[in-house]
Amino acid sequence: YTYGYKFNGKRMAKQKILLPITDVGSPDYAFMEDYVRELMSKKRKQYLDYCKEQLKFFGGGYNLIPLADKQWKAFFIVDIFDAVQRGKRLKTADHLTGEIPYVSSSALNNGVDDYVSNNNGVRRFSNCLSLANSGSVGSSFYEPFEFVASDHITHLKNKKFNKYHYLFLATMTSRLSQKYNFNREINDKRIAREIILLPITDKGSPDYTYMEKYSKNLLREKIQRYIKYVEC
């Protein structure tokens, strides 16, 4: 089904799906339940093992000044990032099936809207922020992987930033959603004038060390909560 060929009530009445069956030919719901439970258990163990390894990396955390006690200052987005560039339009009909994430203006799943293999006439980015400039305007994500960028997102990159800088900054850039909407998009002219608030050093420059440590502390705390929840 597609946008032009919708899944309506009449078509649903004639639609079939494949299901595992019992010896008498009826849907085997008990098997489905057991299968899903087993799959979830394996996934939970995999992620639990991953979380425990991450905790070793974060160590005991950092003793930081609370956000509320930190000095903040406004900065132009274009002064924070080396590259501020919009993606390029790729019509749905031109999508070639593949494994490269296609990031558009969705507010879910890091903005990933499809998986493609297009090489020509597209813009690929990686290890940066994606900022939805239309649609779910203001949605911002850290994208650690290579992706094809829709013209509905603007990529923000600074070669000196790491994952933890980007995670902190994604929260700040996502606040632009309070200012824009579907009828008022973030075009190139507007983003050139846009500012965000950042914690600063004693000299008044962005305190990237603090941002990195704060993000690590927050992730450490979230992982500890998850482990406690799963193991209880």
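The protein chain has six helices and 10 strands. Helices (H or I, at least four residues) and strands (E, at least two) are DSSP runs, numbered from the N terminus. This is a predicted model, in which local features need pLDDT of at least 70 and side-chain atom pairs count only at pLDDT 80 or more, while totals for chains, interfaces and linings use all residues. Residues are numbered from 1 along each chain as its sequence is written, and side-chain values use heavy atoms, with hydrogens and water left out.

The overall form comes next. The C-alpha trace of the protein chain spans about 75 × 45 × 30 Å along its principal axes. Its radius of gyration, taken over C-alpha atoms, is 22 Å, whereas a compact globule of 232 residues would have a value near 17 Å. The globule rule behind that comparison is 2.2 Å times the number of residues to the power 0.38. Of contacts in the protein chain between residues at least 6 apart in sequence, 67% join residues at least 24 apart; a contact means heavy atoms within 4.5 Å.

The surface can be described in a few values. The protein chain exposes about 15,400 Å², of which carbon and sulfur atoms supply 52%. Accessible areas come from the Shrake-Rupley method with a 1.4 Å probe, and for residues only the protein chains shown count as cover. Buried residues make up 32% of the 232 residues, where buried means under 20% relative accessible area, exposed over 50%, and partly exposed in between (1.4 Å probe, protein chains only). There are 37 positive and 25 negative side chains, and the centres of the two sets lie 5 Å apart. Lys and Arg count as positive and Asp and Glu as negative, while His and the chain ends are not counted. The place of a charge is taken as NZ of Lys, CZ of Arg, CG of Asp or CD of Glu.

In soluble globular proteins, nonpolar side chains tend to be buried together. A nonpolar core is here a set of buried Ala, Val, Leu, Ile, Met, Phe, Trp, Tyr and Cys residues joined through side-chain atoms within 4.5 Å. The largest such core has 23 residues, and those with the most contacts inside it are Phe 81, Leu 129, Leu 156, Leu 169, Ile 186 and Leu 198. At least two residues of this core come from each of helix H3 (77-80), strand E6 (128-132), helix H4 (163-173) and strand E10 (195-199). H4 gives the largest share, five residues. A second, separate core of seven residues includes Val 103, Phe 125, Ala 149 and Ile 153.

Leaving aside neighbours within four places in sequence, Ile 186 is in contact with residues including Arg 86, Leu 131, Val 137, Leu 176 and Ile 191. His 155 lies in strand E9 (residues 153-157) and counts as buried because its relative accessibility is 3%. With the neighbours within four places again left aside, His 155 is in contact with Ala 83, Val 84, Gln 85, Phe 125, Cys 128 and Leu 129. Lys 163, in helix H4, has 31% relative accessibility and so counts as partly exposed. Its C-alpha atom is separated by 8.9 Å from that of Glu 143, 20 residues apart along the chain.

The loop between E6 and strand E7 (140-143) holds Ser 134, and Ser 136 lies in the loop between E6 and E7 too. Ser 134 is buried, with a relative accessible area of 3%, while Ser 136 counts as partly exposed at 28% relative accessibility. Not counting residues up to four places away in sequence, Ser 134 touches Ser 105, His 152 and Glu 185; Ser 136, with neighbours within four places left aside, is in contact with Ser 105, Ser 106 and Ala 107. From C-alpha to C-alpha, Ser 134 and Asn 183 are 8.4 Å apart in space and 49 residues apart in sequence. For Ser 136 and Phe 182, the values are 7.2 Å in space and 46 residues in sequence.

Two further loops concern backbone angles. Most residues other than glycine have a negative phi. Asn 109, in the loop between strand E3 (97-103) and strand E4 (112-116), has a positive phi near 55°. Asn 109 is exposed, with a relative accessible area of 54%. Asn 127, found in the loop between strand E5 (124-125) and E6, has a positive phi near 50°. Asn 127 is partly exposed, with a relative accessible area of 28%.
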